[in-house]
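Me: I would like to learn how to read the features of a protein model, one step at a time. Could we go through an example together?

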Amino acid sequence: MRLRNIRLIAFREIRDHLRDRRTMAMMAVLPLVLYPVVAFSVFQLAQFMEEKPCRVLVLAPPGYLPNKLRPPLLDEGNPTLFHPSLFVDARRQRLLIVLRPAELGITCEDNPEVVRYQAEQLVLSGRVDVAVYFPQEFLGWLGENPSGHHTADKPALDQPQVFYSTASDRSQVAYGRLQAVLDRWREAWRRQQLAARGVPAELLEPFALKASDVAVTRGKQGAALWARLLPILLIIWAATGAFYPAIDSCAGEKERGTLETLLVSPARRGEIVLGKLLAISLFSALTSIANVGSMMLSGWLFLEKLPQFGPPPFALAPWLLLALLPVAVMFAAISLALSAQARSSREAQYYLMPVILITMPLVLLPTTPGVDISLGTSLIPVTGLVLVLKSFLAGQLGGEWWYLFPAGAVTLLLCGWAIHLAVRQFESEAVLFREAEVFSARDLLRALRHTRGEVLRPAHGLVACFVIIVLKLALSVRAEMPRDFTEFARLQLAAQLGVFALPALAFAMIFARRPLRALGFSRFTLRHLVAASLLALLLQPAGAILQEGLVKLYPPGETVGGLLRQLELFVTSGPLWAVLFVLAILPALCEELAFRGVVLGSFVSRKRFLLGVGLSAVVFALAHPFAVQQVSAAILGLLLGLIVITSGSIWPAVIFHGVYNGGMICAARAGVKSPLHYLVGQADGFLPQWGTAFASGVMVGAIAVCALAVWTWGFGWKARISAPGRKQE
């Protein structure tokens, strides 16, 4: 690896991009103009976002409300307003304008039903926002003895009625304000009645609460809004700023015919990738800095005085720059790999939407209520970094600053993976020099009919992944929660056969001339089956510990926790043979047909082993409904994929899957974590505490040694890899 070549290629890419002055103007000049204009527009529109007065029609006989009622409802000095004592903030008194019936041509002495009908029509027409009707008999009873000495029971009178419309936003706002005023009026009347009966006021209000906004007193006003907004802008513009230079650096060079000249130069493929990566990362970082910096400057100039914004956190800007470096490199590498995969600039532009769709949920997840920084959330790609930045910008990180390390480690791992993927793309001549294909439905049908291969192709595996995920999602959404084990067994049977087994068999029979070979049904040795069974038993304690740790790391919510407890009840209460059939035997066969037979087999047939193993593991994890199960399922899927490609048959994976699930079910019914936990359970009765811990450590070490020995004996360590269904040499 020669740094001089990397530097020369990076400078070449930078010069090429700088020559495109329009692109540079859109990247650097546009943010400097756009955000001030947006901020100024928000500042100008803020006057329209202020609370407007609402019109309230009060239907009551003349003279009752301002004069005869105690406590008063209307202001005696200004009957067009409610009494100031009914507002927490006296400035909000003028947000409710009282309209009298005479102003709208209504006479309250009419039939009450007529008055109610007229009030409804006025609210529906929008002439008033909300109306409240007080029957004359009710007001008369309420004002008979305001001192509270009236001891008779309240007669059966018509109660006050409020009219509003959910079809109008103004009416709903007015109803909320009026409801608060009427609640305080009733509370004041209740206090007056209790005081008249000799109840001390201290019992009604023993103490008062004083609220203080520490964000205002400590100069953190608006910090929450900036903490949510700036990390999102940082990530989104880093991704956008990397994608378009990457398109021009790879797909654009394919169209211009200059990529071949670069590839025949003395620079190695890795040096070319790193040179282009440095240039794309630079433009990604500059784009993000320009947009975030312009947003902060515009907020300081125009939005600082608005109560919901406050001053931007300029002092914490270095943390944004520190987080921007790995983010820019990560998106630059991903964009470069996707651009290398594309045949043209037009095709590469279509790859932008999937990247944005994958990134947006990870960026927006920290803005949802209840998602806080923790070890589990810090390990989520992109989300962990946004949460750390959000905590830093809001000044709330405190003693949890160390979450920066796991979030940064995950980001750096993604950077390394993306760079490796980009280098692999550039090392493949078939990827770099693919020609554009002309789509023809007739040619496609002819190819499916006459040119079927013996096994499936990667395109079939990708389509199968999509079909399986869609069917699984549809079944999960439409299916109702089973009430007993019988309904649960039927649902599980429908899922295994309809979602996994039938699509796998259909793909193999339609797109392969030898369906059994395409699904991985080939000869196997007894040693493979014995090794798979022993390996499943030995790995069950590690799986149980991993699952327990994941539950602590990502504690399920109330809904998911209830579903897991219901599932555990089905496992422990149903007949053992039925539980083993629907949760061990049936999934072992059906799921392996789908994931290791179709998905993995379609990639392994083209010698793309690692991609097939990884994709089958990811789809296998997504097929599990709960997030706490998906991580352990992905690890288990990787192991099952390795078993298939090292044995050359799907049967050892079926045996491993069935024994693993069956052993965990039997252990759950026996009240232990795994079958091998019986050893520690037996030792716990007569060994001291330190002896139990020592026995547990010895058991874990012995299990690990035995698992390595079984793998070496059953499958070996060398690259004895073959496609499923192909006999080992």
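Me: Where is the place of Trp185?

Reply: Keep in mind that this is a predicted model. Trp185 has its place in helix H6, which runs over residues 169-196.

Me: Is Trp185 buried or exposed?

Reply: A residue is called buried when its relative accessible area is under 20%. Trp185 has 6% relative accessibility and therefore counts as buried. In space its C-alpha lies 7.3 Å from that of Pro71, although Trp185 and Pro71 are 114 residues apart in sequence.

Me: How does Trp402 count, and where is its place?

Reply: Between under 20% for buried and over 50% for exposed, a residue is partly exposed. Because its relative accessibility is 37%, Trp402 counts as partly exposed, and its place is in the loop between helix H16 (383-394) and helix H17 (404-427). Together with Leu375, Leu379, Trp401 and Phe405, Trp402 forms a nonpolar patch on the surface, with about 510 Å² of accessible area in total.

Me: Which residues of H4 are buried, and which are exposed on the other side?

Reply: In H4, the buried residues are Val115, Arg116, Ala119, Leu122 and Val123. They cover an arc of only 125° around the axis, so they sit on the same side of H4. On the other side of H4, the exposed residues are Glu113, Tyr117 and Leu124.

Me: What do the buried residues of H4 pack against?

Reply: They pack against strand E1 (54-59), strand E3 (130-133), strand E4 (161-163) and H6, the helix in which Trp185 has its place. Just after H4 comes Gly126, with a positive phi of about 85°.

Conventions:
Residues are numbered from 1 along each chain as its sequence is written. This is a predicted model: local features need pLDDT of at least 70, side-chain atom pairs count only at pLDDT 80 or more; totals for chains, interfaces and linings use all residues. Side-chain values use heavy atoms; hydrogens and water are left out. Patches are made of residues with over 30% relative accessible area and no salt bridge: like charges are joined within 9 Å, nonpolar side chains (Val, Leu, Ile, Met, Phe, Trp, Tyr) within 5 Å. Accessible areas come from the Shrake-Rupley method with a 1.4 Å probe; for residues, only the protein chains shown count as cover. A salt bridge is a side-chain nitrogen of Lys or Arg within 4 Å of a carboxyl oxygen of Asp or Glu. Helices (H or I, at least four residues) and strands (E, at least two) are DSSP runs, numbered from the N terminus. Buried means under 20% relative accessible area, exposed over 50%, partly exposed in between (1.4 Å probe, protein chains only). The arc is that of the directions from the helix axis to the C-beta atoms. Contact means heavy atoms within 4.5 Å.
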